Amino acid sequence: MSTVQQPDPSDRPARLTVGVVGAGRVGPALAASLRLAGHRPVAVSGVSDTSRRRAEAMLPDVPLVPPAEVLQRADLVLLTVPDDALPGLVTGLAETGAVRPGQLLVHTSGRYGAKVLDPALRAGALPLALHPAMTFTGTPVDVQRLAGCSFGVTAPEELRMAAQALVIEMGGEPEWISEENRPLYHAALALGANHLVTLVSQSMELLRTAGVEAPDRMLGPLLGAALDNALRSGDAALTGPVARGDAGTVAAHVTELRRHAPQAVDGYLAMARATADRALAHGLLKPELAEDLLGVLANRPGEANGTDGTEGTEGPEGNAR
């Protein structure tokens, strides 16, 4: 069977020169991905020693220059700075005349849409918001992870095709997000991904305290199955003592957490309440069991168990706040 040889990206003429302002974990990875698609990174700026080393590793032979010079050299500029720094950066670049008419200006903030680039738009730039829904490590593996990654895209109507083309060239899938929905979209991703890291880290710490030598090995299959089930089935995938209404087990959990990891109690209670609400609404948690369970979850410190240290639950009246 014959195979068709794929063209080497280095044999293609570079269509756009690419610059990066902010050599954090995201910018160099996107620029490296665009280079594989035939574009040519020409300049990058970074402040810290870590960002400079990252840029040198991910974009070898690309000069490190000040932000204004990045814009001077590049047709397509990636603004990959923290969300809170983005509005001031855009305003400063526009006011100093660094922005050139016809220049593609792309930011990767999940929080903001295209309007944050209005100062650059007034200077003649073409604004795009392309947010990769991916966690980044700052290493070459990030380029591989972009394959099939969704991008939250916000762009003026006349630039939608350009935005779509850039995302596809990086191996991603464009998902159109309206300007007004950007903060909600970003909150959803943070809730799922950022909080997941916190939950998993807390779980591993507790397992180590319980004597488990390799908590990552124990959790890997469990969390992988839970994630797969959740993505496939949503609330129907809920399992565990909260979904079953095992109030005594949950009370024991709270007691042990107060003893060994008090910093995790508030998070456990908040997530357990949210889980109970969803399990109840989905019909998994029986109403007659929910009453005692919610009573346990409403406890103040010291009320999850009896005062003599034995496990027990109080009725909802005694626990109501």
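## Second largest pocket

The second largest pocket is lined by 30 residues, and those nearest its centre are Met134, Thr135, Phe136, Ala193 and Asn194. Two or more residues of this lining come from each of β5 (126-132), α8 and α9. Helix α8 gives the most, with 12 residues. The volume of the second largest pocket is about 930 Å³. By class, its lining comprises 17 nonpolar, 11 polar and two charged residues.

## Basis of the description

The model is predicted: local features require pLDDT of at least 70 and side-chain atom pairs pLDDT 80 or more, while totals for chains, interfaces and linings use all residues. Residues are numbered from 1 along each chain as its sequence is written, and side-chain values use heavy atoms, with hydrogens and water left out.

A pocket is an open set of points on a 1 Å grid over the protein atoms alone, where a 1.4 Å probe fits and protein lies on both sides within 12 Å along at least five of seven lines; lining residues have an atom within 4 Å of a point. Grid points are joined across faces, edges and corners, and a volume is the space filled by probe spheres set on the points. Helices (H or I, at least four residues) and strands (E, at least two) are DSSP runs, numbered from the N terminus. Ala, Val, Leu, Ile, Met, Phe, Trp, Tyr, Cys and Pro count as nonpolar, Asp, Glu, Lys and Arg as charged, and the others, Gly among them, as polar.

## Largest pocket

The largest pocket has a volume of about 2300 Å³. Its lining consists of 42 residues, with Leu199, Leu223, Ala226, Met271 and Thr275 nearest the centre. At least two lining residues are supplied by each of α8 (182-209), α9 (215-233), α10 (241-244), α11 (247-260) and α12 (265-281). The lining of the largest pocket divides into 26 nonpolar, 13 polar and three charged residues.

Helix α9 has 19 residues and spans 26 Å from its first C-alpha to its last, close to the expected 27 Å (1.5 Å times one less than the number of residues). Gly234, with a positive phi near 65°, follows α9.

Arg182 is located in helix α8. Arg182 counts as buried because its relative accessible area is 0% (buried means under 20%, exposed over 50%, partly exposed in between, with a 1.4 Å probe and protein chains only). The side chain of Arg182 reaches the backbone oxygen of Tyr112 at 2.9 Å. Arg182 and Arg111 are 71 residues apart in sequence, yet their C-alpha atoms are 5.4 Å apart.

Thr154 belongs to strand β6 (residues 150-154) and is likewise buried, at 7% relative accessibility. Its side chain makes a polar contact with the side chain of Arg182 at 2.9 Å (N or O atoms within 3.5 Å; within protein, one must be able to donate a hydrogen and the other to accept it, and residues adjacent in sequence count only if both atoms are side-chain atoms). A polar atom of the Thr154 side chain also lies 2.7 Å from the backbone oxygen of Ile177. Beyond neighbours within four places in sequence, the contacts of Thr154 (heavy atoms within 4.5 Å) include Gly113, Leu128 and Glu179.

## Leu78

Leu78 lies in strand β3 (residues 76-79) and is buried, with a relative accessible area of 3%. Not counting residues up to four places away in sequence, Leu78 touches Val18, Gly19, Val20, Val21, Gly27, Leu30, Ala31, Leu34 and Val106. Leu78 and Leu128 are 50 residues apart in sequence and 9.6 Å apart in space, C-alpha to C-alpha.
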